[in-house]
Amino acid sequence: MLVKTAEFVISAVKPAQYPEDALPEIALAGRSNVGKSSLINCLIRRKNLARTSSKPGKTQTINFYRINEALYFADVPGYGFAKVPKSVRAAWGKMMETYLSKRDWLKAVIQVVDLRHPPTNDDYNMYQYLKHYGIPTIVVATKADKISRGQWQKHLKVIREGLELQKGDSLIVFSSETGQGRDDVWSEITRLIEE
Ligand code: GDP
């Protein structure tokens, strides 16, 4: 997709603040520091619209970006912080559950994982959570530039098996450094919002 406009709309702390202009929405989920903000910036070809290294503790805000007046990206808080208190985890879980179960415009979730490593328990749980809600998922394995191309297939297999990836969901090799996979991710987004 040719991105003509990409604008930050709101950092919503409660559902009443979520945009209501009925555009299809794609949410992005991933372990904190996995490269989610970089991926958003890479997809929309902006250097700094999505802030990289978002702060831990901001567990309840969803950042909405409107793209081409045609769709939203909803950047949900990263999961898998090592040291957060239980209460923070519970707040994250509640916010995600409300969002995933009630957001009518949500068409798919891009779940970002690290191509170099097997999925963590948190990655697995997140993916299974999305499947529980029946949400189409694009798994994007990022930081591909950090391993040689010859290793990609082997690593993809580990991710596919580790998440128990379901038929119909795609798994795409990505790099925010090189732009590898950008067109593939956009094709999947376009297909899913037109369904
Ligand atoms: P977030 O917390 O998931 O939003 O992660 P960020 O986008 O802030 O990325 C975390 C770190 O990984 C930063 O230092 C990025 O520069 C780096 N990073 C993210 N994506 C890539 C990538 O595709 N390749 C490489 N080499 N580094 C990346």
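**Exercise 1. Decide how far strand E6 is enclosed by the rest of the structure.**

Step 1. Strands (E, at least two residues) and helices (H or I, at least four) are DSSP runs, numbered from the N terminus. A residue is buried if 20 or more other C-beta atoms, placed from the backbone, lie within 10 Å of its own; it is exposed at 12 or fewer, and partly exposed in between.

Step 2. Count. Six of the six residues of E6 are buried, so E6 is largely enclosed by the rest of the structure.

Step 3. Check both faces. Thr 137, Val 139 and Ala 141 are buried on one side. Ile 138, Val 140 and Thr 142 are buried on the other.

A note on the model: it is predicted, so local features need pLDDT of at least 70 and side-chain atom pairs count only at pLDDT 80 or more, while totals for chains, interfaces and linings use all residues. Residues are numbered from 1 along each chain as its sequence is written.

**Exercise 2. Find the strands that pair with E6, and trace the chain between them.**

Step 1. Strands pair if DSSP finds at least two bridges between them. E5 (residues 106-114) and E6 (residues 137-142) pair in the parallel sense over six bridges. Gln 111 stands opposite Val 139, and Val 113 stands opposite Ala 141.

Step 2. From E5 the chain passes through helix H3 (residues 121-132) to E6, in a right-handed β-α-β crossover. Right-handed means that, with the strands pointing away from the viewer, the path from the first strand over the helix to the second runs clockwise.

Step 3. E6 also pairs with E7, again parallel, over four bridges. Here Val 139 has Leu 171 as its bridge partner. The crossover from E6 through H4 to E7 is right-handed.

**Exercise 3. Place the strands in the whole sheet and find its edges.**

Step 1. The sheet is open, with seven strands in the order E1-E3-E4-E2-E5-E6-E7 and mixed pairing.

Step 2. E1 (6-12) and E7 (170-173) stand at the edges. Each has a single partner strand, so one side of each lacks a neighbour in the sheet.
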